[in-house]
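Let's take a walk through this protein, one piece of architecture at a time. Keep the viewer open and follow along.

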Amino acid sequence: GKSLSLICGALSWLRDAEEQKRQEEARLLAPERSGQEGKERPGQPESSGTAGEPDWVTAFLRKKEERDMVDRLKEEQIRRKKREERLEKIRHNVQLKYAAKRKRSEEDETNRLLQLSRELLSEGAGVDVLEQLDQNEEELILGEYESDEEKKVAPGLEEDDEDLEEEHVTKIYYCSRTHSQLSQFVREVQKSPFGKDTRLVSLGSRQNLCVNEEVRCLGALQLINDRCMEMQKNKHEKKSDEENEGKKRRVSRTVCPFYSYEQMQFLRDEVLVEVKDIEQLVALGRETKACPYYGSRYAIPAAQLVVLPYQMLLHEPTRNAAGIKLKDQVVIIDEAHNLIDTITCIHSAEVSGSQLCCAHSQLSQYMERYRKRLKAKNLMYIKQILYLLERFVAMLGGNVSQNPSCQAVSQTGTVLKSINDFLFQSQVDNINLFKVQRYCEKSLISRKLFGFVERYGGLATAVKTNKENQKLAGLQNFLLTLQQGSDKAGAPQGPPVEAENDQLRAASPLMQIEGFLSALTNANQDGRVILNRQGTVGQSSLKFLLLNPAVHFAKVVEECRAVIIAGGTMQPVADFREQLLSCAGVDAARVVEFSCGHVIPPENILPIILCSGPANQQLEFTYQTRDLPQMMDEVGRILCNLCNVVPGGVVCFFPSYEYEKQVYAHWEKTGVLARLAAKKKIFQEPKKSNQVEQVLAEYAKCIKHCSQAGGQMTGALLLSVVGGKMSEGINFSDDLGRCVIMVGMPYPNIKSPELQEKMTWLDKTMPRAAGQAPSRVLIENLCMKAVNQSIGRAIRHQKDFASILLLDHRYARPAIFNKLPQWIRERTQVKPAFGSAFAELRKVRTKTVSHC
């Protein structure tokens, strides 16, 4: 509801702005104005010349500017009229929708017959093998690389680029965190009064929009990106290859059948005619055999509302590649409570010692295999990358020629360095990282290397016995040793790693290294390099940490007409104002804050700060006291009492997985768990993302069954974790969350090297606020943002009601209390003893029963 109200207001403004623009155009293009051009206005003297120029020169220049502006307005008017006529024709003529599809099918049949005839003609001719290389290996060889200053426009691109040039109308860019949130938002726009006549386009990654099954099956996003770009390159090179066919036969390279300019133009028009979410866009792409990824991009200039994920807007290279122009546009960033962390994560990168050694081995074998076929510039850049990898491993205390899982690190620990210090100490400061990173990006070397490893280094493929492949046995054996060594050594403690991440690391570690090289091109003062040496070289890692996210956000706020940062739970907002906007150079007068109350009536929420438990034990969950048995017993008593009076579902948030596990084990030993289970079925938040839906479904099913069956069991108790899978984006509405309990204050780990460096940087660069050091404010804000997100899971609609219990007397401190959301803060009661708090909860229970 919040997002839809915001966008409806924005679209209403957009309509008014377009109407004003058209009225202004009509005024400027009025016939009487053109008749007055060149005439002097009576009663007005000629403007005085500037910089010593005669008056007639100044007047001539002014009139020329006016004529140019009128000509430009006429061109825009004609272009807009043609676009509107085309869209209106498509909207009301169903036959046109399928004409392009039929034409595409005919072209496919023709191409199939031509390919068949080529194969028949070439059967008896035989194909020469270049330098005894397999035909399938031809696509693994890097093409000739041209730097930006040497680059020439590829044949066949000029006419496409001219056709694609279109003026960007005033538009709104709406972005949110996840694909599901964007789809939900688009569905709400479809149901709104603006749904039928708003030109909306949904953008996404190739992983979400690609309809080529050969590419989609690669799984990993970077592999899909590289394969797609390679197919485009093959398409543009195909014509030149055919021209050289008489001189030397070339192996045919795969081109994407969905990358058809004509079909993508048709898809663009279909997108603009009717509002579609990503699923509908993909279905239309399959039906018309057009690429939704590029077809949706072609629709951006004429669109009024562009819906896209965070990363596409906040990452400048991605933004430029997508053709997003923010100049004088409106940007709405929804669900922005983690905006600072999101920008930091997007521009940070980490590589492990195993990835560095594996990439060095793969790239060395690749270079030896194709040394005679590679151009000098390719060899030069490959050698530079190999040298960088060698020095990075040396910084971790290892050697690239040995198995990283078997190399013990002599000096363990974490060291932070500035970018300049890291480059100097690793002895790579003489290499131009900008050019190396650009080479990696443009040459598709990670894709070529992946294909090479897939062909010769696969762990499941047996090594052939011929001489050529025996040379590559070293690569395969090295990869096998790496896998076996890492299995024996074990991974560091932490959450389980998803299978797709393992696959990505094993498939192409160079992809992560490219991201790390790109991060090192930041300004020296904006980031730090973290050397994390743990156990073995394979377990150690290099991480780039971005300290100043404002440097990347500044370009957004500088170009846009307006930036709206919105969210249901944005408090405390000081971080956005100081770390993001102020550091980005935004004038304080330009920043406007608006906060409104909740739609629920005051009696539908009961927030309580509880200072002590049933046994009069003061509740203070610091690192020193929270592990005490009496503290865990007190939490158990509180929950047992609450579960006796609160119907439906109770959600209890703990500061960390480790503490939740510790408390659960203690309750199991002392019998508290059995007493809780008598009233509520107990569920625990899983660590794996793919298990969350199942746990939530069983939790909801149990609550529904208990409400219908009656009896001693009154619902379910869900033990969750702040910052975990269920603290954001999950709706515990109605009976799923009649009471939300926050155990302690989830302060971040202050011993974390990353957090310590961030605190030091803030203390050096930011002013003190209300007598508090910026580092202290940061710690409190991180804690309270996590709290506010978690307790906001309960109230999800106008008629919902719930109790919120904050178990720690420190919440009553003014500095902390004032960082609660206003709609919760105004209704919060501070209870020094458990008895009075329990009485309030029983009143709510009585009201609920009588209401039912």
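## A covered strand and its partners

Strands E14 and E15 (residues 802–807) run parallel and pair through five bridges. To find that pairing in the viewer, look for Cys739, whose bridge partner in E15 is Ser803. Bear in mind throughout that this is a predicted model.

E14 also pairs with strand E11 (residues 648–654), again in parallel, this time over four bridges. Here Phe653 is the residue standing opposite Met742 of E14.

## The five-strand sheet

Elsewhere there is an open sheet of five strands, with parallel pairing and the order E2-E3-E1-E4-E9. Which strands stand at the edges? They are E2 (200–202) and E9 (562–565); each has a single partner strand, so one side of each has no neighbour in the sheet. On average, neighbouring strands of this sheet are turned by 15 degrees against each other, ignoring direction.

Leu200 is the residue opposite Leu305 in E3. Helix H6 (residues 179–191) packs on the sheet and touches E1 (172–176), E2 and E3. The direction of H6 makes about 160 degrees with that of E3.

## Helices H16 and H17

Now for some helix packing. H16 (residues 353–370) and H17 (residues 376–395) pack at an angle of about 155 degrees, and their axes are 9 Å apart. Angles over 145 degrees count as roughly antiparallel, and H16 and H17 are therefore roughly antiparallel to each other. The crossing of H16 past H17 is left-handed.

If you want to colour the contact, the H16 side is Leu356, Cys357, Ala359, His360, Leu363, Ser364, Tyr366 and Met367. These meet Leu379, Ile382, Lys383, Ile385, Leu386, Leu389, Glu390, Phe392 and Val393 in H17. Sorted by class, the contact of H16 with H17 has 13 nonpolar, two polar and two charged residues.

## Helices H20 and H24

Another pair to look at is H20 (residues 445–456) with H24 (residues 510–519), which pack at an angle of about 160 degrees with their axes 9 Å apart. H20 and H24 are therefore roughly antiparallel to each other. What is the handedness of the crossing of H20 past H24? H20 passes H24 in a right-handed crossing.

In this contact, Ile445, Ser446 and Leu449 from H20 meet Leu510, Met511 and Glu514 from H24. Those residues divide into four nonpolar, one polar and one charged.

## Stepping back to the whole chain

Zooming out, the protein chain holds 35 helices and 16 strands. Of its 852 residues, 48% are buried. Taking contacts between residues at least 6 apart in sequence, 80% join residues at least 24 apart.

Technical notes. Residues numbered from 1 in each chain as written. Predicted model: local features only at pLDDT ≥ 70, side-chain atom pairs only at ≥ 80, totals over all residues. Heavy atoms only, no water. Axes fitted to C-alpha atoms, helices over the stretch in contact; angles between N-to-C directions. Helix = DSSP H or I, 4+ residues; strand = E, 2+ residues; numbered from the N terminus. Parallel < 35°, antiparallel > 145°, perpendicular 65-115°, else oblique. Left-handed = near helix turned anticlockwise from the far one by under 90°. Contact = heavy atoms within 4.5 Å. Nonpolar A, V, L, I, M, F, W, Y, C, P; charged D, E, K, R; others polar. Pairing = 2+ DSSP bridges. Buried < 20%, exposed > 50% of the residue type's maximum accessible area, 1.4 Å probe, protein only.
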